[in-house]
Amino acid sequence: MTQGTHEPFSVLDMFSIGVGPSSSHTVGPMRAAHVFVESLVDSGMVGGVARVRVVLYGSLAMTGRGHGTDRAIAAGLEGALPQSVDTAHMLTIRDEYADNPRMMLGGVQSIGFDYDRDIVFELWRRLAAHTNGMRFTAYDADDQVVDEQVWYSVGGGFIRSGHRDDLMIGIHDHAPKGSTFAEGDQSEVIGFGDQAPYDFDSCDELMRLCERTGSRVCDLVMANERAIRSEDETRARLLDVWSTMRACVLAGCTSDQRMLPGGLEVRRRAPVMYQRLSSNRDVLVRGHRGSAALESSDAAWVDLFALAVSEENAGGGRIVTAPTNGAAGIIPAVLHYYWNFVEGADQDGVVRFLLTAGAVGYLFKRNASISGAEVGCQGEVGSACSMAAAGLCEVLGGTPRQVENAAEIGIEHHLGLTCDPVGGLVQIPCIERNAMAANTAINAVRIAMLGDGSHRVSLDQAIRTMRDTGEDMMSKYKETAQGGLAVNVVEC
């Protein structure tokens, strides 16, 4: 979804199929580059373009090399999209342009492309409206501007258009009031749309709708989805998401790549863990499942599922943003737990899980943020943990109030979590955080279902607290690689 177009929200927006290692720093920039080139083609201006220059600001500049932002931009300029880009090409694209500095812009216009000159990391200034800003400029053969656009990657792969004259400030300066995306700005606010029978802005509203109609969360969300497309299509697309998640877990468990790229010399652990765990029983083969839900002895498998996805993401593989790439291992891990260790698990349960998780993700995106560059890792890992807890509670028979309780527990115990990736790579501490949060989500469900659904802190209050905490958090702890582990762990 491109923000600012007033398109109705769909839970499918929270589970887009893309490429690693980052939704905000890889997927979003690739989409922005693609949209820029598409506009040149549609307007007929592409034939006059001889060169394109892209400037990355803020967090995109500070950690973009580690996140592959430059490679994503180049692929997007070629016309690629995250859901279909050749992941092998992504890993070698810089070397390819070093050998042959020409690009087929949008697949239709041959231009000169000097990789190091035409993709600029602006380390000292940022755009005030958002820390993940990009400026795309197309020039003709006389070096005159053909077109210039500003775009922002606002988390989870979502992008938003800006203006050529958006305010520029120092990298650590506070933006003047009125220069950032204003809270309540209608161009940014998302909703289910006028045709949705059950639009809601808060979890309190969602709970009242459930109580008034006697419906489960997933039923209300599916009714809203039917205002956009048929129920059969929604189910098919959600099951395609699930299929991609399963393929990602399997790829991570069976990868023959020993080291993750980027220079930190981080070893993949999932293949070795898989061999050790599957020597007793292989739960990736359908039929090898336990008989009781929420068995703590299965925590090691949950760790494996999360690590497998997170390592695939760090390696630039095909993943599902859920709701971001940096937290992409949590929901697949908990869904695999449901699929392999909960008696009676089926595809209908997978759909209900994702519908419920998507509803909670919508509340985070609407009322706070899912961007590590905006609010720290609490917005990524914390929101994913909350979403996973809600989904699992739903399919285990929890009441709507228990679902809310599980979701609230999931985020409450991630409040204040910083985003401090070592070397700007989605590896340390990101990969292990996914495994820890996946088991936290399951434990949150255990606690919620042992109660009657009553709880003192509401999900809305916890989301508001996360937003406030993110606003108070120092910028060096928000995906800049300038604080925390990023400066206390020596890169080798």
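1. Let's start with the overall make-up. The protein chain contains 18 helices and twelve strands. Please keep in mind while reading that this is a predicted model.

2. On overall dimensions, the C-alpha trace of the protein chain spans about 70 × 50 × 45 Å along its principal axes. A compact globule of 492 residues would have a radius of gyration near 23 Å, and the 22 Å of the protein chain therefore agrees with that expectation.

3. Two further figures describe the packing. Of the 492 residues in the protein chain, 58% are buried. Among contacts with a separation of 6 or more, 77% are between residues 24 or more positions apart.

4. A helix pair worth a look on your screen is helix 9 (residues 270-278) with helix 10 (residues 299-314). Their axes come within 9 Å and cross at roughly 150 degrees. Angles over 145 degrees count as roughly antiparallel, so helix 9 and helix 10 are roughly antiparallel to each other. The crossing of helix 9 past helix 10 is left-handed.

5. Which residues make this contact? Helix 9 contributes Ala270, Pro271, Met273, Tyr274, Leu277 and Ser278, while helix 10 brings Ala300, Trp301, Asp303, Leu304, Leu307, Ala308 and Glu311. By class, the residues of the contact of helix 9 with helix 10 are ten nonpolar, one polar and two charged.

6. Now to the backbone. Most peptide bonds are trans, and most residues other than glycine have a negative phi. With that in mind, here are some places to check.

7. The peptide bond from Gly20 to Pro21 is cis, with omega near 10 degrees. Pro21 sits in the loop between strand 2 (17-19) and helix 1 (23-43).

8. Ile428 and Pro429 are also joined by a cis peptide bond, here with omega about 5 degrees. You will find Pro429 in the loop that runs between helix 15 (400-412) and helix 16 (430-449).

9. Glu265 is not a glycine, yet its phi is positive, at about 60 degrees. This residue belongs to the loop between helix 8 (231-254) and helix 9. Is Glu265 buried or exposed? Its relative accessibility is 53%, so Glu265 counts as exposed, the cut-off being over 50%.

10. Glu479 likewise has a positive phi of about 60 degrees without being a glycine. Its place is the loop between helix 17 (459-472) and helix 18 (485-488). Buried means under 20% relative accessible area, and Glu479, at 3% relative accessibility, therefore counts as buried.

Methods:
Residues are numbered from 1 along each chain as its sequence is written. This is a predicted model: local features need pLDDT of at least 70, side-chain atom pairs count only at pLDDT 80 or more; totals for chains, interfaces and linings use all residues. Side-chain values use heavy atoms; hydrogens and water are left out. Axes are lines fitted to C-alpha atoms, for helices over the stretch in contact, and angles run from 0 to 180 degrees between N-to-C directions. Helices (H or I, at least four residues) and strands (E, at least two) are DSSP runs, numbered from the N terminus. Angles under 35 degrees count as roughly parallel, over 145 as roughly antiparallel, 65 to 115 as roughly perpendicular and the rest as oblique. A crossing is left-handed if the near helix is turned anticlockwise from the far one by less than a right angle, and right-handed if clockwise. Contact means heavy atoms within 4.5 Å. Ala, Val, Leu, Ile, Met, Phe, Trp, Tyr, Cys and Pro count as nonpolar, Asp, Glu, Lys and Arg as charged, and the others, Gly among them, as polar. The radius of gyration is taken over C-alpha atoms; the globule rule is 2.2 Å times the number of residues to the power 0.38. Buried means under 20% relative accessible area, exposed over 50%, partly exposed in between (1.4 Å probe, protein chains only).
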